[in-house]
Amino acid sequence: MIDPQVLHGGASSWFCIAANADFVLAGGAGTVTDVDVRVPINHTWDSDVDISLTGPNAVTIDLSSDNGGTDDDYGSGNADCSGTPTVFDDEAVTPVASGTAPFAGSYSPEMALSAFDGIPAAGSWTLNIADD
């Protein structure tokens, strides 16, 4: 079972949301300068998990697809915003494809989140998590 929560940030704002759900940043949020995505996900056999983020510009960034082999989870500890999440961050040293489950800490995503830099932050963002 996928039981995620996400902390999504740009500037200094962070939000906890459920997977496969839209969240809206209201007007006045400014322009995106950096996006990092934090997810704690309880799931067996991580190589079945695909994670992506779609921004209000309709661009979808693949964060992690089919990584982790037969090991479990993205993040460690509680599967809520209080555990140690997996953080997808363009500035992270280790690519997620080179990491190992439970991926606790920071990893660079499979596609660069900088594709969102410079767009208006206001609008609908969707975190997509699938079990394939």
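Asp131 sits in strand β9, which covers residues 123–131. A strand here is a DSSP run of E with at least two residues, a helix is a run of H or I with at least four, and both are numbered from the N terminus. Asp131 has a relative accessibility of 47%, so it counts as partly exposed. The classes behind that word are buried for under 20% relative accessible area, exposed for over 50%, and partly exposed in between, with a 1.4 Å probe and protein chains only.

Before going on, a word on where the values come from. The model is predicted, so local features need pLDDT of at least 70 and side-chain atom pairs count only at pLDDT 80 or more, while totals for chains, interfaces and linings use all residues. Residues are numbered from 1 along each chain as its sequence is written, and side-chain values use heavy atoms, with hydrogens and water left out.

**A charged patch**

Asp131 also belongs to a surface patch of negative charge, together with Asp66, Glu110 and Asp132. Patch members have over 30% relative accessible area and no salt bridge, and like charges are joined within 9 Å; for nonpolar side chains (Val, Leu, Ile, Met, Phe, Trp, Tyr) the limit is 5 Å. The areas come from the Shrake-Rupley method with a 1.4 Å probe, and for residues only the protein chains shown count as cover. A salt bridge is a side-chain nitrogen of Lys or Arg within 4 Å of a carboxyl oxygen of Asp or Glu. Asp and Glu count as negative, Lys and Arg as positive, and His and the chain ends are not counted. Each charge is placed at NZ of Lys, CZ of Arg, CG of Asp or CD of Glu.

**The overall fold**

Of its 132 residues, 42% are buried.

**An aromatic cluster**

How many aromatic pairs does the structure hold? There are 3. Rings of Phe, Tyr and Trp (its six-membered ring) pair if their centres lie within 6.5 Å, with planes under 30 degrees apart called stacked, over 60 edge-to-face, and the rest tilted. Tyr74 and Phe103 make a stacked pair, because their ring centres are 4.7 Å apart and their planes meet at 15 degrees. This pair links distant parts of the chain, 29 residues apart: Tyr74 is in the loop between β6 (60–65) and β7 (86–88), and Phe103 is in the loop between β7 and β8 (105–107). Tyr74 is buried at 1% relative accessible area, and Phe103 is buried at 0%.

Phe103 pairs with Tyr107 as well, this time edge-to-face, with 5.6 Å from centre to centre and 80 degrees between the planes. Phe103 and Tyr107 are both buried. Through these ring pairs, Tyr74, Phe103 and Tyr107 form a cluster.

**Backbone details**

Phe103 has a positive phi, near 55 degrees, although the residue is not glycine. Another positive phi in a residue other than glycine is found at Ala58, near 70 degrees. Ala58 lies in the loop between β5 (49–54) and β6, and is exposed with 63% relative accessible area.

**Contacts across the chain**

The table lists C-alpha distances for some residue pairs.

| Residue pair | Separation along the chain | C-alpha distance |
|---|---|---|
| Val37 and Val87 | 50 residues | 5.6 Å |
| Ala92 and Ser108 | 16 residues | 5.0 Å |
| Ser64 and Phe88 | 24 residues | 8.9 Å |
| Ala122 and Val32 | 90 residues | 9.0 Å |

Where do the residues named at the start of each row sit? Val37 is part of strand β4, residues 36–39, and is buried at 1% relative accessible area. Ala92 is in the loop between β7 and β8, and its 14% relative accessible area makes it buried. Ser64 belongs to strand β6 and is buried, at 0% relative accessibility. Ala122 lies in the loop between β8 and β9 and, with a relative accessible area of 30%, is partly exposed.
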